[in-house]
Amino acid sequence: MTTATTASSLTWARRRDSVSRFWRSYRTHRAGIFGLAALALITLIALAAPLLVGDDVQSVTNAPGTALERPSAEFPLGTDQFGRSLLGLLVWGARISLTVGLLAAALSVAIGTVVGIIAGHYGGWFQTVLMRITDWFLVMPALVLAIVLATVMSRSVWTVILAIGVTSWPTTARLVRAQTIAVESRPYIERAKALGGGHSHIMSRHVLPNVMPLVLAQTTLGISTAILTEATLAFLGLGDPTVVSWGGMLQDAREAGAVSSGHWWYLAPPGLAIALVALAFTLCGRAIESVLNPRLGVAR
């Protein structure tokens, strides 16, 4: 067995051991297990939506029911103003809401991580400029900026993802910058620099692996915020009108007068679904934070 093969085997063994220790610690958090189970179930339903409800659930012309029917055996959650099954729309809408939440959070955390690592690594005037830009985004209401972007750009799912992602990264940037400064004060960073390690080597091979636990926790928490923001934009009529999402269902309910007419079955399902997914991601994020940093003392 060659030296390279031995080193690779040892690396994978350490990674498997690290994942095993993480899972053993994570599963002691009951709230985190509940959140993970809820997310797994919702994700499975979203992936199986074409099989469960079919592609024609969004069709207005082929709606199987009459407008605003109450919940019944045929339509467990009732129908919308076009006679479409709200249960089918709820299942199908999970695909868009989860996709937007995941991609927008990933974009936001990616921007924040890059800005935070670069600012913390280089320091000096470059760090000052980046942090002042970050502070500007931080003090500006993210929702207002997202609304502006969603208004001036074409109405599509990608516009919503971009609007959320480029307006919600400052918190991650500041957290990653602080962690980067702490990591670069450690002795092995000085040794790496003395051995000729360049800026890209230091940031990618030493700093990034050490800030990844923070990035992972921040991503999990950011998904719930992204889903809520997407729902808000859709409720304000700034989402993609060609797709079904939970926020879009609330917008349709408002336009149909469900609030004033007392059609609670039109409002409750998408609202509860948004709250449940946001809660599940938050519980998972808090559990991950507690596992990666036990000093936080997050309740189990």
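Me: How do you know where confidence is lowest and where it is highest?

Reply: By pLDDT, the predictor's confidence in each residue, from 0 to 100. The protein averages 86, and 95% of the residues score at least 70. Helix α1 (residues 3–26) has the lowest confidence, at a mean of 76, and α2 the highest, at 93. Over residues 296–300 the pLDDT is below 50, and this stretch has 10 contacts beyond near neighbours in sequence. A contact means heavy atoms within 4.5 Å. Where pLDDT is low, the predicted coordinates should not be read in detail.

Me: What makes α11 mostly covered?

Reply: A residue is buried under 20% relative accessible area, exposed over 50% and partly exposed in between (1.4 Å probe, protein chains only). Helices are DSSP runs of H or I with at least four residues, strands are runs of E with at least two, and both are numbered from the N terminus. In α11 (residues 246–255), seven of the 10 residues are buried, among them W246, M249 and L250. The buried residues pack against α2 (30–47), α4 (86–122), α10 (199–235), α12 (258–261) and α13 (264–292). Just after α11, G257 takes a positive phi of about 75°.

Me: Which residues touch the most other members of the largest nonpolar core, and what makes it a core?

Reply: A nonpolar core is a set of buried Ala, Val, Leu, Ile, Met, Phe, Trp, Tyr and Cys residues joined through side-chain atoms within 4.5 Å. The largest has 36 residues, of which L98, W246, M249, V277 and F281 touch the most other members. α2, α4, α10, α11 and α13 each supply at least two residues, and the largest share, 11 residues, comes from α13. Leaving aside residues up to four places away in sequence, M249 touches L86, L89, L90, V244, Y266 and P270. A second, separate core of 13 residues includes A104, A146, V157 and L238.

Me: Why is the pairing of R21 and D17 called a salt bridge?

Reply: A salt bridge needs a side-chain nitrogen of Lys or Arg within 4 Å of a carboxyl oxygen of Asp or Glu. R21 and D17 meet at 3.0 Å, N to O, so the pair qualifies. The two are four residues apart in helix α1 and therefore separated by about one helical turn. R21, at 45% relative accessibility, counts as partly exposed, and so does D17 at 39%.

Me: Which helices does the salt bridge between R174 and D135 tie together?

Reply: The closest N and O atoms of R174 and D135 are 2.6 Å apart. R174 lies in helix α8 (residues 170–184) and D135 in helix α5 (residues 124–139), so the pair ties together parts that are 39 residues apart in sequence. Salt bridges that share partners join R132, D135 and R174 into one network.

Me: Why is the aromatic pair of W23 and Y26 called stacked?

Reply: Rings of Phe, Tyr and Trp (its six-membered ring) pair if their centres lie within 6.5 Å; planes under 30 degrees apart count as stacked, over 60 as edge-to-face and the rest as tilted. W23 and Y26 are 6.0 Å apart, centre to centre, with 20° between the planes, so the pair is stacked. W23 is partly exposed at 38%, while Y26 is buried at 4%.

Me: What makes the pair of W125 and F126 edge-to-face?

Reply: The ring centres of W125 and F126 are 5.8 Å apart and the planes stand at 85°, so the pair is edge-to-face.

Note on methods
Residues are numbered from 1 along each chain as its sequence is written. This is a predicted model: local features need pLDDT of at least 70, side-chain atom pairs count only at pLDDT 80 or more; totals for chains, interfaces and linings use all residues. Side-chain values use heavy atoms; hydrogens and water are left out.
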